[in-house]
Amino acid sequence: MFLDFDTLIKLPGISTDNQFIEKLRAQCDLGKKMFAADSNSIEAYLSIKSMGASFLQPEEVYRRILVIPISSATAERSFSTMRRIKTYNRSTMTGKRLHNLALLSIEREKSEELIQHFK
């Protein structure tokens, strides 16, 4: 899939602007030759990013690909956490406090690590 123009152009959210598409096609063709040694999408993205303005279109496409979640587990966990936090007794809390409590609960491992590091 790395720099395969036909695959990349079918991804949702990719610009349909003709100029963008033509630049993407040219940069994919050139990039296939230059970055043939890269074995996965993350290595490919880092190689493309290191080239700076030379590969803006593929960089934008790969940035979008890499942020797509692999599963919906994080979103489901977030909603479950919100349901536990936002109980009847706590329904009067402000949005900011709710957000902060939810973040602490969802990112429990990181928050415990910060607490241990603080001690």
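## Basis

The model is predicted, so local features need pLDDT of at least 70 and side-chain atom pairs count only at pLDDT 80 or more, while totals for chains, interfaces and linings use all residues. Residues are numbered from 1 along each chain as its sequence is written, and side-chain values use heavy atoms, with hydrogens and water left out.

## Overall fold

The chain has seven helices and zero strands. Its pattern along the sequence is α-α-α-α-α-α-α. Helices (H or I, at least four residues) and strands (E, at least two) are DSSP runs, numbered from the N terminus.

The chain holds 119 residues, and 25% of them are buried. Buried means under 20% relative accessible area, exposed means over 50%, and partly exposed lies in between (1.4 Å probe, protein chains only). Contacts are counted when heavy atoms lie within 4.5 Å. Of the contacts with a separation of 6 or more, 49% join residues 24 or more positions apart. The chain exposes about 9000 Å², and carbon and sulfur atoms supply 57% of that area. Accessible areas come from the Shrake-Rupley method with a 1.4 Å probe; for residues, only the protein chains shown count as cover.

## Salt bridges

The whole structure contains two salt bridges. The criterion is a side-chain nitrogen of Lys or Arg within 4 Å of a carboxyl oxygen of Asp or Glu.

One joins the side chains of Glu22 and Arg25 at 4.0 Å, N to O. Both residues sit in helix α2 (residues 18-34), three residues apart, which separates them by about one helical turn. An α-helix has 3.6 residues a turn, so residues three or four places apart point the same way. Glu22 is partly exposed at 46% relative accessible area. Arg25 is partly exposed too, at 35%.

The side chains of Lys49 and Glu59 form a salt bridge at 3.7 Å, N to O. This pair links distant parts of the chain: Lys49 lies in helix α3 and Glu59 in helix α4, 10 residues apart. Lys49 is partly exposed, with a relative accessible area of 43%. Glu59 counts as buried, at 10%. Leaving aside neighbours within four places in sequence, Glu59 contacts Tyr45, Ile48, Lys49 and Gly52.

## Helix α6

Helix α6 (residues 95-106) has 12 residues. From first C-alpha to last, α6 reaches 16 Å, close to the 16 Å expected at 1.5 Å a residue. That expected span is 1.5 Å times one less than the number of residues.

The buried residues of α6 are Leu98, Ala102 and Ser105. Seen down the helix axis, they fall within an arc of 65°, so they line one face of α6. The arc is that of the directions from the helix axis to the C-beta atoms. These buried residues pack against α5 (73-85) and α7 (108-118). The face of α6 turned away from the buried side carries exposed Lys96 and Arg97.

## Nonpolar patch

Leu30, Met34 and Met51 make a nonpolar surface patch of about 250 Å². Patches are made of residues with over 30% relative accessible area and no salt bridge; like charges are joined within 9 Å, and nonpolar side chains (Val, Leu, Ile, Met, Phe, Trp, Tyr) within 5 Å.

Met51 is in the loop between α3 (41-50) and α4 (56-66). Met51 is partly exposed, with a relative accessible area of 32%.
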